[in-house]
Amino acid sequence: MASRVRQRTHYQGSIAGSVPGLSDAVDMDNDGDTLSSLSINDDARTLATMSLSQSHRSPYLHPTHQATASTSTFNTHSNTQPIPIPSASQTPVPTAPGTPRISASRTPSSLRHASNAALPEAGLATKRRPTSPSGGREGKGNRSGREQKIRTNPRLPHAHDVPIAPATTMYWSRAPVHGALPMHNTRAHTVTLVDHVAWMFGGCDDKGCWRDVYCFDTETMHWSHPEMLGDIPPPCRAHTATLVDRKIVVFGGGQGPVYYDTTYILDTTTRRWYAPNFPAQSQPQKHIPDQQSQNPSQVSDPVHPAPRRAHTAVLYLGKIYIFGGGNGLTALNDLWALDVSRLDSSLRSGSTESGLKWSLIKTHGDLPAPRGYHTANLIGNVMVVVGGSDGRECFSDVWCLNLDSMIWTRVNLTVSHRRLSHSATQVGSYLFIVGGHDGNSYSSEILFYNLVNLQYEPRAVRGSPPSPRGYHVTIVADSRLFLFGGFNGHDVFDDVYTLDLAGAAYLPQVMSFRIEV
């Protein structure tokens with residue numbers, strides 16, 4: 001796999017400053033996970049003179065952050081003019097797979113949040129020698145070598161901590177977790193449900209990115225930290241993880257100024273990582289862009305997507321569809337497909353190159369604007385895309401892509417909500433859109449998007465909800481919605497919350513439906 005590194009051209013200026021309020025949505029720490037992947041300017045040296053409005057506290061910038069630049073953010077000079085998006089001739093073409101992309105030189109992260117310090121835990125294991133977040137050996141295990149927190153008894157809520165609510169109402173509560181707790185707070189990670197076990201991989205905190213895999217049993221609330229084998233990925237955040245026949249396919253992401261275009265596969269049965277090989281990128285020809293389409297009308301077919309993070313992925317008919325994200329220079333709205341229909345036979349034969357193939361997908365109709373930190377859910381044969389941002393504005397639109405006809409359709413909304421870095425999980429005939437950032441501040445609100453009439457609807461939710469945050473993950477298991485980690489602009493979280501769905505979540509639903517677009 002190629003190991004060539006390209007230094008990204010440094011642009012002066014900022015695109016974030018052109019939108020009031022969105023400049024507050026910028027993470028300036030070295031491993032912050034905001035729109036760094038969409039950034040035009042990531043120069044850490046320009047940050048020391050920046051000041052924040054007290055009326056809009058930045059969800060990404062904190063006084064302890066201002067010495068370093070986020071690898072996934074844009075600059076926030078309010079007095080600078082927006083930088084135009086590079087033209088097609090300036091936009092870097094896809095490179096050979098495995099080529100990390102460098103956004104700009106950064107100063108090392110020096111962030112330390114006292115609020116993130118580990119509290120004393122009962123039943124702690126023997127202390128181990130601390131190591132860096134990137135610690136771990138290739139091919140055997142991925143333990144960080146830090147002190148492993150073991151909680152033997154779950155912390156159950158007391159009666160005075162539990163607000164009274166009807167039994168049929170959806171209800172938030174903090175999960176009484178126990179076991180080998182994660183040794184770091186996490187944001188921009190992935191959580192993939194396999195049977196009743198949630199597999200958490202990667203993410204970052206204020207100290208760096210991580211390569212650990214933790215398993216959370218959704219029935220017993222028990223954490224475990226299994227050893228991994230094989231080609232263990234490097235520390236990573238803002239990647240995607242897609243379940244294919246009990247195997248988790250991880251693509252993209254990055255850490256620091258590096259953007260990945262690599263693919264890793266975790267076999268959850270054997271707990272072994274695989275690193276497939278793909279053909280090298282051929283030299284693309286000069287093309288003439290189509291005025292009505294993102295897809296060029298004359299271009300040699302690239303064989304692999306460019307490095308990116310903050311993208312999305314869905315699985316449909318044996319293919320993983322990758323949409324959008326950012327490459328450090330600009331936001332993207334291209335669509336790629338990875339054929340994983342022969343994944344099992346490829347792993348059994350030991351030749352992962354023959355069974356996996358990337359292809360650039362040509363779509364029709366009006367395209368969504370380039371974006372990252374959006375969500376994408378597969379509903380039947382339709383990919384539903386909600387929100388996101390291009391670094392200039394926070395989007396409120398909803399788009400549907402028919403994966404059979406490859407036609408994009410924008411949904412006409414009577415009520416819209418701006419969101420980025422949120423989560424969206426299908427619960428029956430609804431999308432539960434949790435938290436995120438609206439361009440001004442983080443939210444803890446749940447938006448209920450009806451997949452039958454394609455409109456938002458209000459619902460009552462009780463209990464003790466999680467604090468406002470983004471860059472978290474939500475999954476559905478056993479009639480409960482689980483929320484893992486996140487970031488509120490100052491603190492990175494390691495908590496787990498559950499939303500008991502109860503009858504109110506299911507009774508109003510249409511049991512059989514289809515999105516017609």
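Predicted model: local features only at pLDDT ≥ 70, side-chain atom pairs only at ≥ 80, totals over all residues.
1. Isoleucine 320 stands opposite leucine 338, a residue of strand β20. Strand β19 (residues 319–326) runs antiparallel to β20, and seven bridges join the two. They form a hairpin with four residues between the strands. In that turn, glycine 328 has a positive phi of about 95°.

2. Strand β20 also pairs with strand β21 (residues 357–360), again in the antiparallel sense, over four bridges. Within this pairing, alanine 337 has serine 359 of β21 as its bridge partner. How many of the nine residues of β20 are buried? Eight are, so the strand (residues 331–339) is largely enclosed by the rest of the structure.

3. A separate point concerns an open sheet of five strands, in the order β30-β5-β33-β32-β31 and with mixed pairing. The edge positions belong to β30 (461–463) and β31 (473–477). Each has a single partner strand, so one side of each is left without a neighbour in the sheet. From one strand to the next, the twist averages 25°.

4. Within that sheet, β31 and β32 run antiparallel and are joined by five bridges. Alanine 477 is paired with arginine 480 of β32 as its bridge partner. The two strands make a hairpin with two residues between them. Aspartate 478, in the turn, has a positive phi of about 55°.

5. On its other pairing, strand β32 (residues 480–487) meets strand β33 (residues 492–500) in the antiparallel sense, over seven bridges. Phenylalanine 482 has threonine 498 of β33 as its bridge partner, and leucine 483 stands opposite tyrosine 497, also in β33. This is a hairpin as well, with four residues between β32 and β33. Its turn includes glycine 489, which has a positive phi of about 95°. Strand β32 is mostly covered, with eight of its eight residues buried.

6. Six strands make up another open sheet, ordered β4-β6-β10-β9-β8-β7, and the pairing is mixed. Which strands stand at the edges? They are β4 (149–151) and β7 (190–194); each has a single partner strand, so one side of each lacks a neighbour in the sheet. Direction ignored, neighbouring strands here are turned by 20° against each other on average.

7. Aspartate 217 has histidine 222 of β10 as its bridge partner.

8. Aspartate 205 deserves a separate look. It lies in the loop between β8 (197–201) and β9. Aspartate 205 is buried yet has no salt bridge. The nearest side chain of opposite charge is that of lysine 207, 4.7 Å away, and a salt bridge requires the charged atoms to be within 4 Å. The side chain of aspartate 205 does make a polar contact, at 3.3 Å, with the side chain of tryptophan 210.

9. The last point concerns cysteines. A disulfide is a covalent bond between the sulfur atoms of two cysteines. With a cut-off of 2.5 Å between cysteine sulfur atoms, the count of disulfides in this model is zero. Are cysteine 215 and cysteine 394 buried or exposed? Buried means under 20% relative accessible area. Cysteine 215 has 5% relative accessibility, so it counts as buried. Cysteine 394, at 3%, therefore counts as buried too.

Methods. Residues numbered from 1 in each chain as written. Heavy atoms only, no water. Pairing = 2+ DSSP bridges. Axes fitted to C-alpha atoms, helices over the stretch in contact; angles between N-to-C directions. Buried < 20%, exposed > 50% of the residue type's maximum accessible area, 1.4 Å probe, protein only. Lys, Arg positive; Asp, Glu negative; His and termini not counted. Polar contact = N/O pair within 3.5 Å; in protein donor to acceptor, adjacent residues only side chain to side chain.
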